[in-house]
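I opened this model to look up how its two chains meet. My notes follow in the order I took them.

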Amino acid sequence: MKLLVPVKRVLDYNVKPRVKADGTGVDLANVKMSMNPFDEIAVEEAIRLKEKGAATEIVAVSIGPAKAQETLRTALAMGADRAILVQSDDEVEPLAVAKILAKIAEEEQPGMIILGKQAIDDDSNQVGQMLGALLGWGQGTFASKVEVEGDSVSVTREVDGGLETVKLKTPAIVTTDLRLNEPRYATLPNIMKAKSKPLATKSPADYGVDTAPRLTVLKVTEPSKRQAGVKVGSVDELIAKIKETGVIG
Amino acid sequence: MIALVWVEHEDGAVKDATLATVTAAAKLGEVHALVAGAGVGSVAEAAAKIAGVTKVHVADDSAYDHALAENVAPLVAGIVSDHCDYFVAPATTTGKNIAPRVAALLDVMQVSDILSVEDADTFTRPIYAGNAIATVKSGDTKKVLTVRTTAFAKADKEGGNGVVEPVSGPGDAGLSSFVGADIAHSERPELTSAKIIVSGGRAFGSSDQFHALLEPLADKLGAAVGASRAAVDAGYAPNDYQVGQTGKIVAPELYVAVGISGAIQHLAGMKDSKTIVAINKDEDAPIFQVADIGLVGDLFKLVPELTEKL
């Protein structure tokens, strides 16, 4: 089966985000950007399924600015076969992303779409589920294990109390959780090879999707700062301080 | 305005996450509740008693057991488009699984993990692992929200007098089936609703030491046990112990972080705790920047001493 893997270019997870002084958003000028960590896990899982013979082709897709090409090249260097960039300079909300991906899925007819469970910038955790609804496919969200069995896929999910396993008819949607796998690093020869792999550039209009936002961000502010704390020198002092808070007797 | 609340339940009882969601929904208008599952009569009765709930829609059908999103989402979307203005679910793994599927069926954008209701269509929510708070206004007529349960007080379990009404939906979509679950059982309080949490990181060095040192301390304090991602990845604790951006978001009265450096992803899950205590041998660890009370030293000495002296 063919696999579709959507990836997003986000602020690198090690960078501490700075809120712009005018409250319009987070400052993304001259900061390191990377592939969303959950999407790296999605790409890795797709490659492993291909290595096991369960998948034949991996198509990486990104919706975003021209620079999202770099993110797609990373996916290609990890092992994806080709890429599609749907270029848009405006922020595209999860619902519109899901609509574009649904159109691509109709064109490409993948057996499975593997996405990250959430992007670490907007922390929405929506696209995979929305895509499931739009395509009328089953969804295995927060996956920590994925096993393809003929025309179905068994997905072990990380849920609040532990783990849960569901069986989905393919085609299906899977969203990845952190413990699904450990993504590989792209090697230098593979980075070079990735430069010649096909990358098609499209626009949301090519898919007839209106990307006008439904949500308006009125302002973005810093979270309230915590008061500076105190350091104590011994366990006795620690216990005395905790007792002052009244939480323990 | 009517807000439909997703009732999260387990073993015939309403879970606490639902109560915080009712509080958020009450700020939007009249509160209706939806109880879905097989043999959920007692859950429906309990939901009707929650203060503020005026109506409980009960979908008693095996198709809705285990809250499979493929089956539940069309049911919810049907009720919302006929009767309600909002669908409000707790931002638990169940709520996060179902709500976006509902939103797409209704062709609306979801507002995830809200921290506050500013007015009928304006909400605040954390972005960038809680390093920024966005105020967003929804232009959609029907609205789908998930609620950060630690940001809202729990509604009273008693005092409501809701009308219980059966409802039916499209049933089994035939896309998915439940195979099984492996739920970790614990005598300790549940992490997301515990008053006190004792949490451990990679510095414990092994699963044995994690359990041998942290659990007696937790038991002494009547606390739930949490863990950093590093401790979970190293296999010291099961993954449902994980506190952070990708694990659980907690806000207890007392959070004791032992051997946790305090990466931004971990802080995202606990920095709204009322009092934070940090025990770490590295005095420059970022955890000390958010800790109210810090103690620098070797956890292998300090934790047993603390447990003994409490």
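Which residue takes a positive phi in the hairpin of strand 9 of chain B and strand 10 of chain B? I found B:Tyr128, with phi near 50°. The hairpin has four residues between the strands.

**Ground rules**

I am working on a predicted model, where local features need pLDDT of at least 70, side-chain atom pairs count only at pLDDT 80 or more, and totals for chains, interfaces and linings use all residues. Residues are numbered from 1 along each chain as its sequence is written, chains are lettered from A and ligands numbered from 1 in the order in which they are written, and side-chain values use heavy atoms, with hydrogens and water left out.

**The hairpin and its sheet**

I followed the hairpin strands first. Strand 9 (residues 122–127) and strand 10 (residues 132–138) of chain B run antiparallel and are joined by six bridges. Strands and helices here are DSSP runs, numbered from the N terminus: E of at least two residues for strands, H or I of at least four for helices. Two strands pair if DSSP finds at least two bridges between them. I noted two facing pairs. B:Phe123 has B:Val136 as its bridge partner, and B:Ile127 stands opposite B:Ala132.

Next I asked which strand of chain A joins strand 10 of chain B. It is strand 12 of chain A, through six bridges, again antiparallel. There, A:Leu215 is the bridge partner of B:Ser138.

Is strand 10 of chain B mostly covered or mostly open? It is mostly covered, with six of its seven residues buried. Buried means under 20% relative accessible area, exposed over 50%, and partly exposed in between (1.4 Å probe, protein chains only).

I moved on to helix 4 (residues 127–135) of chain A. It packs on helix 4 of chain B at about 45°, with the axes 7 Å apart. Axes are lines fitted to C-alpha atoms, for helices over the stretch in contact, and angles run from 0 to 180 degrees between N-to-C directions. The two helices are therefore oblique to each other. The cut-offs are under 35 degrees for roughly parallel, over 145 for roughly antiparallel, 65 to 115 for roughly perpendicular, and oblique for the rest.

I listed who touches whom, with contact meaning heavy atoms within 4.5 Å. From chain A come A:Gln129, A:Met130, A:Gly132, A:Ala133 and A:Leu134. Their counterparts in chain B include B:Lys96, B:Pro100, B:Arg101 and B:Leu105. By class, the contact has seven nonpolar, three polar and two charged residues. Ala, Val, Leu, Ile, Met, Phe, Trp, Tyr, Cys and Pro count as nonpolar, Asp, Glu, Lys and Arg as charged, and the others, Gly among them, as polar.

Seven of the nine residues of helix 4 of chain A are buried. Among them are A:Gly128, A:Leu131 and A:Leu135. Their cover includes helix 3 (94–108) of chain A, and also helix 4 and strand 7 (110–114) of chain B. After the helix comes A:Gly136, with a positive phi near 70°.

**Within chain B**

I checked the other side of the story for helix 4 (residues 93–105) of chain B. Its axis comes within 9 Å of that of helix 3 (residues 69–83) of chain B, and they cross at roughly 50°. This pair is therefore oblique too, and its crossing is right-handed. The contact includes B:Val72, B:Val76, B:Ile98 and B:Val102.

Chain A has six helices and 13 strands. Of its 249 residues, 53% are buried.

I ended on A:Arg73 in helix 2 (residues 68–78) of chain A. At 25% relative accessibility, A:Arg73 counts as partly exposed. Not counting residues up to four places away in sequence, A:Arg73 touches A:Ala194, A:Lys195, A:Lys197 and A:Leu199.

How values were computed: A crossing is left-handed if the near helix is turned anticlockwise from the far one by less than a right angle, and right-handed if clockwise.
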